[in-house]
Each structure stands twice: as structure tokens, then as C-alpha cells.
Amino acid sequence: VSPLPDLTPEQLDAFGAELDGLRARVLADLGKRDVQYLREVIATQRRLEVAGRGLLFVGAVPPAWLAGVTALSLAKILDNMEIGHNVMHGQYDWTRDPALQSSTFEWDTACPADQWRHSHNVRHHTDTNVLGKDRDIGYGILRMDESQRWTPVALGNPLFAVLLALLFEYGVALHDLELERVVTGRQSKEVAVERGRGVLAKVRHQVVKDYVVWPMLSGPGALFTLAGNATANVARNLWSFTIIFCGHFPEGVRTFTEEEVAGESRGGWYLRQLLGSANIDGGSLFHVLSGNLSHQIEHHLFPDLPAHRYPEIAPEVRAICERYGLPYNTGSLRRQFGSVVKRICRLALPNGPVREGEAVRIPAPRSAAA
Amino acid sequence: MHLLERPLRRAARTRLAAAAAWPHGVDAFGALLDPAWSATQIRATVTSVRRQTADTATVVLRPNGNWPGHRAGQHVVLTVEVDGVRQARCFSVASSARDRHLVELTAKAGPGSVVARHLRQRLVAGDVVDLSPPAGDFVLPDRRPPAIALLSAGSGITPVLSMLRTLADDGYDGDVAFVHHARSGPDVLYGPEVERLVADRAGWRRLVVTEHDRTGDHRGRFAPAHLEAAGIDPAGAVAFACGPPPYLESVAAGWAAAGGSADRFRTESYGLSPSPTRAGGAAGTVRFAGRGAPIDVTDDGRPLLLQAEAAGLAPAHGCRRGICRSCVRPLVAGSVVEEGGVRVAGGPGSTVRLCVGVADGDVEVDL
């Protein structure tokens with residue numbers, strides 16, 4: 001395992017204080033602009049959903065079907081990423097709008113909101129990239145880190161990754177059941193069964209909506225609607241898989257052992273979030289469709305700041321990192337995703353002899369101006 | 001749209017509609033066409049805002065079809081968005097209970113009143129606000145007594161004005177005395193309208209008392225003599241009084257002194273509840289409210305989650321370091337400082353993260 005960047009505890013505290021200050025400044029500035037932005041996104045999502053479902057009524061006409069699927073896919077992507085993920089992080093709790101409260105929001109995906117809040121907000125965001133604790137490392141299915149033991153099962157890594165991508169919403173839904181831990185006896189069966197019931201109830205809603213009610217309402221075009229809805233669900237799955245895997249698994253992103261993070265300070269937590277995340281470069285539409293998770297670094301540093309603020313504060317975060325000689329991992333979607341695919345394939349095989357220099361996965365700090 | 005409103009609302013409440021609009025609900029889509037529309041919620045469109053006096057706003061609202069109508073004297077909770085944050089406050093309805101498609105509110109914009117200031121300065125016709133169903137038992141009885149005294153001070157005029165307007169619409173032929181106390185002549189709310197209402201009807205009269213000028217019928221604060229001057233017989237009339245607590249205390253005393261019985265004297269008080277923040281450096285009290293009896297502990301300066309647990313409570317929580325928001329709870333009253341010095345003020349809709357929230361003075365958290 002590569003060494004942590006060489007910061008003294010004092011430097012680490014100063015680094016944390018700078019980021020705390022940045023967070024406080026954004027918090028103090030929250031207001032109408034942020035709510036207006038999110039309401040616009042929500043209105044767009046609703047319009048896309050209405051347009052998509054409307055077009056699928058005449059889905060027998062190929063261009064209408066294609067346009068309908070596109071609109072519905074975008075609606076589901078906006079719902080899950082820029083709206084659902086971010087609202088459930090509590091980014092808009094301060095608005096006191098009952099429709100935007102993290103504790104009650106529900107989204108259009110198979111995973112029940114309360115379970116996702118546990119597996120994501122509690123486990124993943126607290127124990128980010130800590131081996132054995134952050135179950136987002138491979139979702140209990142994939143081998144995503146050299147330190148995860150190789151077994152022949154790992155040979156299936158690329159195949160499993162494709163399946164996980166296609167069925168991502170179900171992967172996320174089953175995530176909090178911790179089935180692999182039930183097998184090893186570290187998770188109680190009762191808890192898993194209870195959570196499983198929650199997932200089933202949620203899946204039933206989605207199935208009834210996308211595969212019964214809307215096809216039924218389409219009358220003779222039922223099959224076109226059914227196929228369109230299924231395609232939109234899969235398109236959303238592929239997109240969210242891509243964005244999320246690019247956030248933590250490109251080369252250069254670091255994992256941590258429990259010993260390394262024991263007793264870590266606020267600055268240490270910030271440092272781990274920084275080293276454990278990667279950004280994706282892109283235009284503003286790309287950022288919105290990614291739920292601004294293209295700014296995974298800013299998101300992990302400040303998970304409860306409204307995500308549309310991440311692009312605004314990114315230059316400042318980058319400048320702070322540069323001052324402390326810390327890496328800031330960013331690259332194009334093609335580069336980051338290519339790197340994720342390479343890792344999935346490479347880790348299908350045993351580690352093999354580690355060559356000198358290869359184990360050190362922290363890249364040299366890139367110039368923030370680059 | 002009006003013809004279709006009712007059937008649309010009925011269709012929107014069906015299980016089929018709920019299944020089709022899951023998980024966001026029918027309202028999420030209805031709002032695309034009409035922001036005031038809802039299958040179940042009461043929303044209202046602002047039709048006018050006028051400034052009767054130097055520090056008040058009188059707002060006329062057109063509620064959607066979910067408004068059940070109010071009884072004269074009841075209040076509603078109005079929710080508006082101020083700087084992106086939803087703020088809810090309670091106001092008495094001033095309009096007649098017979099106007100079932102209209103809700104009029106008058107708010108006094110004091111220095112700290114975020115909502116009333118918003119109503120006065122920024123609300124415009126066409127804005128959409130949220131309303132609660134009407135509530136409160138400060139209402140005209142269905143069996144009208146033969147003599148009614150309507151007493152108010154300042155913006156406390158609204159519920160008794162609703163009563164006066166309702167009595168007028170109903171053609172009530174009993175005896176009505178309307179006594180209003182204001183700071184000065186220019187502060188008198190609804191003056192011309194009340195004057196007109198009482199002028200038309202036999203046995204109806206009005207008395208205005210102003211504290212700082214001579215524009216009223218009398219000058220000063222409430223005095224028992226005002227009851228007599230208005231021709232009120234406390235031994236026979238039923239009184240409805242609304243105003244700040246000190247006003248109500250003196251009216252109640254005057255009523256009793258003049259032989260009025262307490263069961264014919266109804267009051268509605270308004271005004272801020274005492275601030276829970278304690279001045280000085282003394283340790284405050286942290287109150288954990290919930291389903292059972294509230295638990296009070298002396299603040300020891302630690303995060304609220306730790307203090308709740310020390311008190312034997314077990315609030316839900318997650319990361320315990322301010323990240324996951326599993327321990328977000330309503331902050332009923334008081335002021336809490338979260339990490340990084342971010343201050344949260346208590347009140348309706350206000351929430352706090354227990355694991356990083358430290359009390360500043362007395363606070364009350366709803367667990």
C-alpha cells in the first residue's frame with residue numbers, strides 16, 4: 001500500500017480548516033438561487049417524464065419510440081442523480097420544503113430510500129474506500145482492489161461488471177442486504193430478510209408502474225410501452241454505473257486500511273475523501289446529468305452542499321490541494337472509464353509479482369492549471 | 001378548468017393515478033399545469049396584496065378546491081418561501097366564513113417577523129402559497145347569542161372582523177358592539193369597512209380607542225370604561241377578544257369587574273412566545289421532547305446526541321460525525337451551533353444534526 005502524502009498533523013489540521021471554511025462560506029450563501037435551480041431541474045424531469053410516456057403511447061412509430069425512450073431515460077437519470085441522490089444527501093434540507101427533505105424523499109429506482117441512505121450516506125460516505133468497511137468497493141460482487149483476496153470467482157469480474165451495469169438499480173437495492181455477509185454469518189438473517197421485504201415492496205411499485213400500469217394505459221401499444229420502459233430503466237442503469245464507478249475506481253484513487261484511518265482527524269477525513277475520489281471533466285449538461293457526481297471529489301468533501309455548487313467551488317478546492325501538494329484526480333470520461341474497465345479486467349487475474357513503483361498508486365500532483 | 005376541477009381531483013386520488021405517478025405523486029405532475037393545483041393539499045393563489053397601514057400587509061388568497069372553508073374566528077398556518085427557505089406562520093382569517101372561495105389575512109410586520117415582512121414587501125398577485133386546514137375553537141357559536149361584543153387590539157382585529165363580516169352576511173339581527181384599540185389613527189385596520197358595516201344596521205356600533213393620538217373616540221389603553229362607552233352589558237353579552245397577552249389580561253379583568261362571567265368571555269392571543277435563549281453565560285436546558293413526557297437536561301456543552309444518550313434516550317443516528325444526516329431532528333426552539341460555527345435557529349420546519357449540534361442557550365429538540 002502506498003504511503004499517505006507527507007503532511008504533518010498541523011498541516012492536516014490547516015488543510016481541514018481551509019475546507020471547513022469553504023463549506024461554511026457556501027452554507028452562508030445558500031438561498032433562493034439554489035432552490036430555483038433544483039426546482040428547474042425537477043420541472044424538467046417531470047416534463048421529460050410526461051413527454052417520454054406520452055411519446056411511447058404512439059411507440060409503434062419508430063421515431064416516437066426512440067424519442068420516448070430518450071426522454072424517459074433522461075427523466076429517470078435526472079430523478080436518480082441530480083434530484084434523488086442529492087436530495088437524499090440532505091443538500092436541500094435547509095429549504096424546509098417537505099418535498100425536498102432527505103428523510104422522506106423517495107426515488108424512481110429499485111432501492112428503498114431509507115436503505116440507500118444507510119448503505120450510501122452512513123457506510124460509503126463515512127468509511128469511504130476503507131477496505132472491509134466501504135462495501136461500495138466492488139459492491140460485494142467485483143474484485144476492485146489488489147488487496148481483496150483473489151479467488152477463481154474473480155475470473156468472472158468483467159462478466160459480473162457487465163451484469164451489474166445492466167441491472168445496477170437492483171445491485172444497489174440488494175446492496176444493503178449484505179448477502180455476502182449473511183453467508184459468512186457476519187450479518188443477521190433477520191435483518192437481511194426485513195430489508196429484503198422492503199426491496200420487494202419497492203420493486204413491486206416500479207414493476208406495477210413501468211410494466212403493468214403504463215403498458216395497460218397504452219392499449220394496443222402496450223408492448224411498445226413495456227419495451228420502452230424497460231429500455232429506459234436499463235439506460236439509466238448503465239449511466240449511473242458508469243458515473244459511479246468513475247468516481248472511485250480510476251487508477252490513482254487510493255483505498256485505505258482500517259489501521260490507517262484509526263483516530264483520523266477532520267483533516268484526515270477530508271484527505272481520505274480527496275484521495276479516494278476522482279472527477280470527470282465535461283460540460284455543464286454532462287455535470288447535471290451526472291448529478292454533479294462528475295465532481296466526486298467535491299461531493300465527498302462536502303456531501304451535503306447542493307451539488308450544483310461543486311463546479312463553482314472546484315477551482316478553489318483544486319487550488320487548496322495544490323498548496324498542500326496533494327493530487328487532484330480528474331480526467332475525461334473516456335480516460336476515467338477506460339481506466340476503470342482496465343482495472344476490472346486486470347483484477348480478474350491474480351495480482352502477480354508487483355513491480356517496483358507499481359504499488360504506489362498515488363500519482364504525482366498534477367498542476368491545477370493543467 | 002373549473003368544470004373539470006372536481007372530477008380531475010377525484011381521478012387524481014385513485015389508486016391507478018397513484019401507481020402511474022409513483023413515487024412522486026400526482027401533485028408533482030399537476031403542478032406543471034397549475035402550481036396551485038393539488039389532489040389533496042391546500043394551496044392558494046395570491047389575488048391582491050395591499051398595505052392598509054404603515055406596517056401591515058393584507059393579503060387576499062384564492063384557495064384551490066381542497067379548501068374546506070373556515071368558521072369565523074379560526075386561523076390557518078400560511079407557508080411562504082423566503083430566500084429559498086419555507087417559513088410557516090399562523091394567521092387568523094379575516095374574511096367572512098360565507099366567502100368560501102376567498103381567504104383574507106392581515107399580518108403585522110414587526111422587526112423580526114420574517115413572514116409578515118415578506119408578505120408586505122415581496123409577495124405579489126399570482127404567487128402561490130400553502131395553507132393548512134383552518135383550525136381553532138375561537139369561533140362564533142352556531143346558535144347566535146342575542147348580544148355579541150367583538151374586542152380587539154392591533155392586528156388582533158382579524159378573527160373578530162371575520163365574525164363581524166359573517167354576522168353581516170348572515171343578516172344577524174342581534175346586538176353587536178365592535179371595540180378596537182390601536183396605537184394611533186393611522187394604525188387602525190379596516191376602519192372604513194367596519195364603520196360602513198355598523199352604520200347600516202340597527203343595534204350595531206363601533207368604538208375606536210387610540211393610544212397615542214386623539215383620532216379615536218377615546219384615548220389611551222384599554223380601560224373598563226370602554227366597555228360601558230360601547231354599550232356592552234357584560235352580564236348579558238358574549239365577548240370575543242383578540243390581542244396581545246397584556247391587552248387580554250386587562251380586558252378579562254375589566255369584564256369580570258363589570259359582572260361578566262368567564263364562560264361568556266372567549267379570547268385568542270397572539271404574539272411571540274417567550275424566547276428560549278437565555279442571556280448570560282449560565283448553562284441552558286436541553287429539552288428532548290417526543291411521544292412521552294419531555295426530558296430536560298442541563299446543557300453540558302457536548303453535542304445533543306451525546307446528551308440524549310446520556311439521558312438514556314436512543315435517537316436514531318448513523319456516522320456520528322455530521323456526514324450522513326441520519327440523526328436530523330426538528331429543532332423546536334432555541335439556537336444550535338453545528339460544526340464550523342453554522343448556527344441554526346429553532347422554529348417550525350427547522351432541523352438540526354444531533355451529532356454535531358451544540359446548544360446555545362435553552363433548546364428544545366423533538367426526538
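The model is predicted.

## Chain B as a whole

Chain B contains 9 helices and 18 strands. Its C-alpha atoms fill a box of roughly 70 × 60 × 35 Å along the principal axes. Of the 367 residues in chain B, 52% are buried. Residues 24 or more positions apart account for 63% of them.

## Where the chains meet

Chain A brings 46 residues to the contact, and chain B brings 31 residues. The area buried between chain A and chain B is about 3,100 Å². Carbon and sulfur atoms give 59% of that area.

Polar links also cross this boundary. Between chain A and chain B there are 10 residue pairs in polar contact, with both residues at pLDDT 80 or more. Several helices build the chain A side. Helices α1 (9–29), α2 (32–57), α4 (113–126), α8 (189–217) and α11 (266–275) of chain A each supply at least two residues of the side that touches chain B. The largest share comes from α8(A), with 9 residues. By residue type, the side of chain A that touches chain B divides into 17 nonpolar, 11 polar and 18 charged residues.

Side chains of opposite charge can pair when their charged atoms come close. Across the interface of chain A and chain B there are 4 salt bridges. One salt bridge joins R325(B) to D304(A), at 3.1 Å from N to O.

## Salt bridges

Over all chains, the structure holds 47 salt bridges.

| Pair | N to O distance |
|---|---|
| R325(B) and D304(A) | 3.1 Å |
| E312(A) and R33(A) | 2.9 Å |
| R309(A) and D34(A) | 2.7 Å |
| D170(B) and R98(B) | 2.5 Å |

Take the pair inside chain A first: E312(A) and R33(A) meet in a salt bridge. This pair links distant parts of the chain, 279 residues apart. E312(A) sits in helix α14 (residues 310–323) of chain A, and R33(A) sits in helix α2 of chain A. E312(A) is partly exposed, with a relative accessible area of 43%. R33(A) is partly exposed as well, at 40%.

R309(A) forms a salt bridge with D34(A). Here the partners are 275 residues apart. R309(A) lies in the loop between α13 (296–301) and α14 of chain A, while D34(A) lies in helix α2 of chain A. Is this pair buried or exposed? R309(A) counts as buried, at 4% relative accessibility. D34(A) is buried too, with a relative accessible area of 0%.

In chain B, D170(B) forms a salt bridge with R98(B). D170(B) lies in helix α5 (residues 157–170) of chain B and R98(B) in the loop between β4 (85–92) and β5 (103–108) of chain B, so the pair ties together parts that are 72 residues apart in sequence. D170(B) counts as partly exposed, at 33% relative accessibility. R98(B) is also partly exposed, at 42%.

## S95(B) in its loop

The loop between β4 and β5 of chain B also holds S95(B). S95(B) counts as buried, at 2% relative accessibility. Which residues touch S95(B), leaving aside neighbours within four places in sequence? S95(B) is in contact with H70(B), L102(B), V103(B), E104(B), S162(B) and R165(B).

## Helix α5 of chain A

Helix α5 of chain A spans residues 157–166. Its buried residues are N157(A), A161(A), L164(A) and A165(A). They cover an arc of only 100 degrees around the axis, which puts them on the same side of α5(A). An α-helix has 3.6 residues a turn, so residues three or four places apart point the same way. What covers the buried residues of α5(A)? The cover includes α6 (168–175), α9 (222–248) and α15 (333–346) of chain A.

How values were computed:
Residues are numbered from 1 along each chain as its sequence is written. Chains are lettered from A and ligands numbered from 1 in the order in which they are written. Side-chain values use heavy atoms; hydrogens and water are left out. Buried means under 20% relative accessible area, exposed over 50%, partly exposed in between (1.4 Å probe, protein chains only). Helices (H or I, at least four residues) and strands (E, at least two) are DSSP runs, numbered from the N terminus. The arc is that of the directions from the helix axis to the C-beta atoms. Contact means heavy atoms within 4.5 Å. Buried area is the accessible area (1.4 Å probe) that two parts lose on being put together, summed over both. A salt bridge is a side-chain nitrogen of Lys or Arg within 4 Å of a carboxyl oxygen of Asp or Glu. A polar contact is a pair of N or O atoms within 3.5 Å; within protein, one must be able to donate a hydrogen and the other to accept it, and residues adjacent in sequence count only if both atoms are side-chain atoms. Ala, Val, Leu, Ile, Met, Phe, Trp, Tyr, Cys and Pro count as nonpolar, Asp, Glu, Lys and Arg as charged, and the others, Gly among them, as polar.
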